[in-house]
Amino acid sequence: MSEPLLPIIHTEGDKPYLAGCRCTQCGHVYVGPREVCAKCTARGAMEPVHLAETGKVHVWTVVHRSFPGVATPFLDVIVDLDDGAHIKGTLTDIDPDKVTFDLPVRVVFREAIPAGQDKPYLTYLFVPQQGAAA
Ligand SMILES: [Zn+2]
């Protein structure tokens, strides 16, 4: 398996997951590590967690122009994960005209190769959950 590029992708054995933290005082969940809870202001009260693998599309847009080497168009989304965290990502494997608010999605991990390079890296994407619009 290739190495993750993003620090929020951790692995347990060979299985990748999105890493986050949960406030032990109020229960709010965040993407990645944090020292202070933005919801209740508790300090040093975070515990590491595996983020939920499913969620719903909060909002999306179709990106038609991006950095050199990035194929367009693609769907840029903000997903409300089922554990309460919110995360930005790319939605794939769906016709852009079929995307709706609250579309159930799940995270998948795939290898990508940056433009002009030959070494792949591991990234995350969102795909529609089974039975959702495709
Ligand atoms: Zn808190």
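**Val59 stands opposite Ile78, a residue of strand E6.** The model shown is a predicted one, in which local features need pLDDT of at least 70 and side-chain atom pairs count only at pLDDT 80 or more, whereas totals for chains, interfaces and linings use all residues. Residue numbers start from 1 in each chain and follow its sequence as written. Strand E5 (residues 54-63) is paired with E6 in the antiparallel sense through eight bridges; two strands pair if DSSP finds at least two bridges between them. Strands (E, at least two residues) and helices (H or I, at least four residues) are DSSP runs numbered from the N terminus.

**Strand E6, residues 74-81, has a covered and an uncovered face.** Leu75, Val77, Val79 and Leu81 make up the covered face. The uncovered face consists of Phe74, Asp76, Ile78 and Asp80. Ile78, on the uncovered face, is the residue that Val59 stands opposite.

**Strands E6 and E7 form a hairpin.** Strand E7 (residues 86-91) runs antiparallel to E6, and six bridges join the two. Within this pair, Leu75 stands opposite Leu91 of E7. Four residues lie between the strands of the hairpin, where Gly84 adopts a positive phi near 105 degrees.

**Val79 is a buried residue in strand E6.** Val79 counts as buried because 24 other C-beta atoms lie within 10 Å. A residue is termed buried if 20 or more other C-beta atoms lie within 10 Å of its own, exposed if 12 or fewer, and partly exposed in between, with C-beta atoms placed from the backbone. Apart from neighbours within four places in sequence, Val79 is in contact with Gly55, Lys56, Val57, His58, Ile87, Gly89, Val105 and Phe126; contact denotes C-beta atoms, placed from the backbone, that lie within 7 Å. The C-alpha atoms of Val79 and Val57 are separated by 4.6 Å, although the two residues are 22 residues apart along the chain.

**Thr72 and Pro73 are joined by a cis peptide bond.** The omega angle of this bond is about -5 degrees. Pro73 belongs to the loop between E5 and E6.

**Thr41 and Asp93 have positive phi values.** Thr41, a residue other than glycine, has phi near 65 degrees and is placed in the loop between strand E3 (29-31) and strand E4 (46-50). Thr41 counts as exposed because it has 11 C-beta neighbours inside 10 Å. Asp93, likewise a residue other than glycine, has phi near 65 degrees and is found in the loop between E7 and strand E8 (104-112). With 12 other C-beta atoms within 10 Å, Asp93 is also exposed.

The C-alpha trace spans about 40 × 35 × 25 Å along its principal axes. Of the 134 residues, 19% count as buried. Among contacts with a separation of 6 or more, 50% involve residues 24 or more positions apart. The mean pLDDT of the chain, the predictor's confidence in each residue on a scale from 0 to 100, is 92, with 94% of residues reaching 70 or more. Among the elements, strand E1 (residues 9-12) has the lowest mean pLDDT (92) and E5 the highest (98).

Definitions and conventions:
Contact = placed C-beta atoms within 7 Å.
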